[in-house]
Amino acid sequence: MGLSIAVATGLYGVSFGALAVAAGLTVGQAMALSLLMFTGGSQFAFIGVIAGGGAPSAALGAAALLGVRNAVYGMQMNHMLQPHGWRKGLAAQVTIDESTATAAGQSAPDEQRRGFWVAGLGVFVLWNLFTFVGAWLGDALGDPRRWGLDGAAVAAFLGLLWPRLRQREPVALAVLSGVVTALALPQLPPGLPILVAAVVGAAWGWWVPDRAAASAERTAP
Amino acid sequence: MSVWLAILLGAVVTYLTKLSGYAVPARWLSNPRMTRVAGAITVALLSALIVMNTFAAGTALVLDARLAALAVAVLALWARWPFLLVVMLGAAAAGVVRWWG
């Protein structure tokens, strides 16, 4: 299971590499993101803000906020795997959606540990390899708009969001956040509307479930 | 801030975020509200990135070939096609519409 996830995710690296170069990054900068940042959502957010004309500081802010969920994963993995010493530092770097999901999908502690490391390290190697291939291809293709690579970015972000829309509540949040972004776009400097959306998301996560519970109480006789 | 500095600072921040999960006492983060906030931020940011990458031209909102990419991606995801295929179809849709237009 870990290996198949690693292969599938490595392939996304091609789209990331090509889109990073299309956004105006160099091949070296695309590689630095995959090697050092190594968390797909944050990396896509970074290049998405740059592609939209946002300031590098806004790209940094969006990437940092999209990485917040990794802290929750880290807490789960620390409890599950209990790594020590240098292994803890390495485990942190490969704590991402895929390695956490693979470990959490196993029940035996040995299998959890193996799943985490195979998926985490496998995705790391393949993600970087394919980022390079994608960045090199993107560089060779020239004008990204001619090949519709800006359309590929749209599809990639929707592909990342789609699995999170299984329930009604995230759909409502996604629509609200999209509308807020569209309203903010003409008013604020590029990149900032993304951060406004992040604040909307944080407030939603903090308050809305309580409000839903409260309104359920009110409607109950 | 230069792009390189943003990349390096971003890498440090995202690494420390990951490490924080291993460092802080479990009760700080095992709070279900923190899990909800992290999940909601992710959904909100991805949605914002979709809107920005589909409609933004600088600080103006425009309708162009990227809207076709969004529509095709919705259909492809609805049909449960794999991520890479969805991305390639998105590119093809935008490319074809632009070529016709």
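Start with helix α4 (residues 56-66) of chain A and helix α1 (residues 3-23) of chain B: they pack at about 20 degrees, with axes 9 Å apart. Helices (H or I, at least four residues) and strands (E, at least two) are DSSP runs, numbered from the N terminus. Axes are lines fitted to C-alpha atoms, for helices over the stretch in contact, and angles run from 0 to 180 degrees between N-to-C directions. α4(A) and α1(B) are therefore roughly parallel to each other. The angle classes are: under 35 degrees roughly parallel, over 145 roughly antiparallel, 65 to 115 roughly perpendicular, the rest oblique.

This is a predicted model, in which local features need pLDDT of at least 70, side-chain atom pairs count only at pLDDT 80 or more, and totals for chains, interfaces and linings use all residues. Residues are numbered from 1 along each chain as its sequence is written, while chains are lettered from A and ligands numbered from 1 in the order in which they are written.

Stay on this pair. The crossing of α4(A) and α1(B) is right-handed. In a right-handed crossing the near helix is turned clockwise from the far one by less than a right angle; anticlockwise is left-handed. Now select Pro56(A), Ser57(A), Ala59(A), Leu60(A), Ala63(A) and Ala64(A). Across from them on α1(B) are Val3(B), Ala6(B), Leu9(B), Gly10(B), Val13(B) and Thr14(B). Contact here requires C-beta atoms, placed from the backbone, within 7 Å. The contact of α4(A) with α1(B) has 9 nonpolar, 3 polar and no charged residues. Ala, Val, Leu, Ile, Met, Phe, Trp, Tyr, Cys and Pro count as nonpolar, Asp, Glu, Lys and Arg as charged, and the others, Gly among them, as polar.

Next, show the whole interface. It takes 68 residues from chain B and 83 residues from chain A. On chain B, each of α1, α2 (26-29), α3 (32-55), β2 (60-61), α4 (65-78) and α5 supplies at least two residues. Highlight α3(B): its 23 residues are the largest share of the side of chain B that touches chain A. By class, that side has 46 nonpolar, 17 polar and 5 charged residues.

Move to helix α5 (residues 83-100) of chain B and pick Ala94(B). Ala94(B) is buried, with 30 other C-beta atoms within 10 Å. The cut-offs are 20 or more such atoms for buried, 12 or fewer for exposed, and partly exposed in between. Ala94(B) touches residues of both chains: Gly148(A), Asp150(A) and Gly151(A), plus Ala65(B), Arg66(B), Ala68(B) and Ala69(B), not counting residues up to four places away in sequence. Asp64(B) is 30 residues away in sequence and 8.5 Å away in space, C-alpha to C-alpha.

Color chain A by domain: domain 1 is 2-164 and domain 2 is 167-221, bounds that come from an automatic or database domain assignment. Their contact takes 12 residues from domain 1 and 8 residues from domain 2. Look for α4(A) again: with 5 residues, it gives the most to the side of domain 1 that touches domain 2. That side divides into 7 nonpolar, 4 polar and 1 charged.

Last stop: helix α2 (residues 27-37) and helix α3 (residues 40-51) of chain A, with axes that come within 10 Å and cross at roughly 150 degrees. That makes α2(A) roughly antiparallel to α3(A). Select Leu33(A), Ser34(A) and Met37(A) on α2(A), then Ser42(A), Gln43(A) and Phe46(A) on α3(A). This contact has 3 nonpolar, 3 polar and no charged residues.

Conventions: Contact = placed C-beta atoms within 7 Å.
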